Amino acid sequence: GFSAGTCLRTMNSLHAGAYDPRMPAAIMMPPAGGFSAGAACRSAAVAEPSTRTQQPIVTGTGVVGIKFNGGVMLAADTLGSYGSLARYLSVPRLKPFGENTVVGGSGDLSDFQKVTALVDELIRYDDAHDDGCHLSPSDIHSYLGRVMYNKRNRFDPLWNELVVAGYKDGESFLGFVDLIGTMYKDDVVATGFASYIATPLLRKAGTNLSKEDAKKALEDCLRVLFYRNTKASTRIQVATITEAGIDICEPYHLSTYWGYKAFEHTEYHGHKK
């Protein structure tokens, strides 16, 4: 193949009037309108296959978050769905960064891995300065908003909805970013299908909660989400961020109950409702 150096050497020979019989005729004969090094390099380049995410493939469903007295809490299940197939049962989607920030992601899991790699790189760059200052949750939220908006403008979005939670200087932080760069902060946040089902439950619970009450509210949201969303799972993780730091628990299973009258489909058994 041709490298940039080969193209430039070819151009120098042509401009100098030199003729080299080893060169292909297509290279020796300049195209109509002139011969530039860029045109020669482009004609010699091999087209690479597209590596953009055209649509989500392996996906995770909703992430829910809520502020409580003394901190903020996130919860998500660990299921990675390949289409409608429950393919990967143990995929953590709550990623800690530094000492005070957790990012949760729904949507395409390969794109979420890209997001976490970008934030890891940002954290390393910040730590390398060794100046005693560290990125706050708000800083990471702003950074991710710019990343998502930039990728959207290139028509190559990262197919994720992200939740940024943290605690710094005595204040809880909870923010949302989606694949087109929409950003906001709120006391309660939910992504994906959970934004329709869980948000009313979270607002009803409020934020004047103890740590135990906040965890129960999130568990109730994910339980209802499991009842109503075919791509949800009962295997969940909960991340708690307080002044003491980050605590992400080991995955555990939610209890469920299917005896509700509304869940009975009596028509399937030949009976009318």
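**Notes on the H6/H7 pair**

1. Starting with the helix pair: in this predicted model, the axes of helix H6 (residues 194-205) and helix H7 (residues 211-228) come within 9 Å and cross at roughly 150°. Angles over 145 degrees count as roughly antiparallel, so that is the label for H6 and H7. The crossing of H6 and H7 is right-handed.

2. Who touches whom? On the H6 side, the contact uses Ala194, Ile197, Ala198, Leu201, Leu202 and Ala205. H7 answers with Ala217, Leu218, Cys221, Val224, Leu225 and Arg228. Sorted by class, the H6 contact with H7 comes to 11 nonpolar residues, no polar ones and one charged. As for the spacing, residues three or four places apart on an α-helix point the same way, because there are 3.6 residues a turn.

3. H6 itself has 12 residues and spans 15 Å from first C-alpha to last, close to the 16 Å expected at 1.5 Å a residue.

4. Of its 273 residues, 41% are buried. Taking contacts between residues at least 6 apart in sequence, 63% join residues at least 24 apart.

How values were computed
Residues numbered from 1 in each chain as written. Predicted model: local features only at pLDDT ≥ 70, side-chain atom pairs only at ≥ 80, totals over all residues. Heavy atoms only, no water. Axes fitted to C-alpha atoms, helices over the stretch in contact; angles between N-to-C directions. Helix = DSSP H or I, 4+ residues; strand = E, 2+ residues; numbered from the N terminus. Parallel < 35°, antiparallel > 145°, perpendicular 65-115°, else oblique. Left-handed = near helix turned anticlockwise from the far one by under 90°. Contact = heavy atoms within 4.5 Å. Nonpolar A, V, L, I, M, F, W, Y, C, P; charged D, E, K, R; others polar. Expected span 1.5 Å × (residues − 1). Buried < 20%, exposed > 50% of the residue type's maximum accessible area, 1.4 Å probe, protein only.
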